[in-house]
Amino acid sequence: MKSSEAKAGAGKSGAGVRHAAHPHGAAVLKRLNRISGQVRGVTGMVEEGRYCVDILTQIAAIQSALDAVAMQLLQNHTHGCVQSAIRSGHGDEAIAELMEVVKRFAR
């Protein structure tokens with residue numbers, strides 16, 4: 001793994017899991033900032049008493065945008081962190097963690 005990575009036990013799967021800087025961090029942050037603006041917009045719509053269907057349409061768009069960000073992060077994690085863990089002999093742990101994350105999105 002890269003030297004910029006630090007051991008962290010913050011992940012749900014436990015100790016020994018390594019976390020790296022996100023290779024597309026700037027793009028992810030840009031998307032999240034855009035989503036944050038959408039959420040603020042929906043808040044304003046509710047405060048103004050806008051039509052429910054319009055609000056629900058915006059909420060669906062926000063959910064879709066969040067799903068896209070999550071898929072990008074999942075892809076980055078698989079090609080970066082999981083791949084590195086497999087190469088370094090820690091594949092079983094990384095795959096188990098990956099599968100737990102995938103299960104959360106498969107509901």
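Colleague: Which residues of α3 are buried?

Modeller: The model is a predicted one. Buried here requires under 20% relative accessible area. In α3, the residues that are buried are Gly 91, Ala 94, Glu 97 and Leu 98.

Colleague: What arc do these residues cover around the axis of α3?

Modeller: In general, an α-helix has 3.6 residues a turn, so residues three or four places apart point the same way. The buried residues of α3 are Gly 91, Ala 94, Glu 97 and Leu 98. They lie on the same side of α3, because the arc they cover around the axis is only 135 degrees.

Colleague: Which exposed residues does the face of α3 turned away from its buried side carry?

Modeller: Exposed requires over 50% relative accessible area. On the face turned away from the buried side of α3, the exposed residues are Asp 92 and Lys 103.

Colleague: Which helix is included in what covers the buried residues of α3?

Modeller: The buried residues of α2 pack against α1 (25-48) and α3 (91-105). Conversely, the cover over the buried residues of α3 includes α2.

Colleague: Which residue just after α2 takes a positive phi?

Modeller: Helix α2 comprises residues 52-87. Just after α2, a positive phi of about 90 degrees is taken by Gly 89.

Definitions and conventions:
Residues numbered from 1 in each chain as written. Predicted model: local features only at pLDDT ≥ 70, side-chain atom pairs only at ≥ 80, totals over all residues. Heavy atoms only, no water. Helix = DSSP H or I, 4+ residues; strand = E, 2+ residues; numbered from the N terminus. Expected span 1.5 Å × (residues − 1). Contact = heavy atoms within 4.5 Å. Buried < 20%, exposed > 50% of the residue type's maximum accessible area, 1.4 Å probe, protein only. Arc of directions from axis to C-beta.
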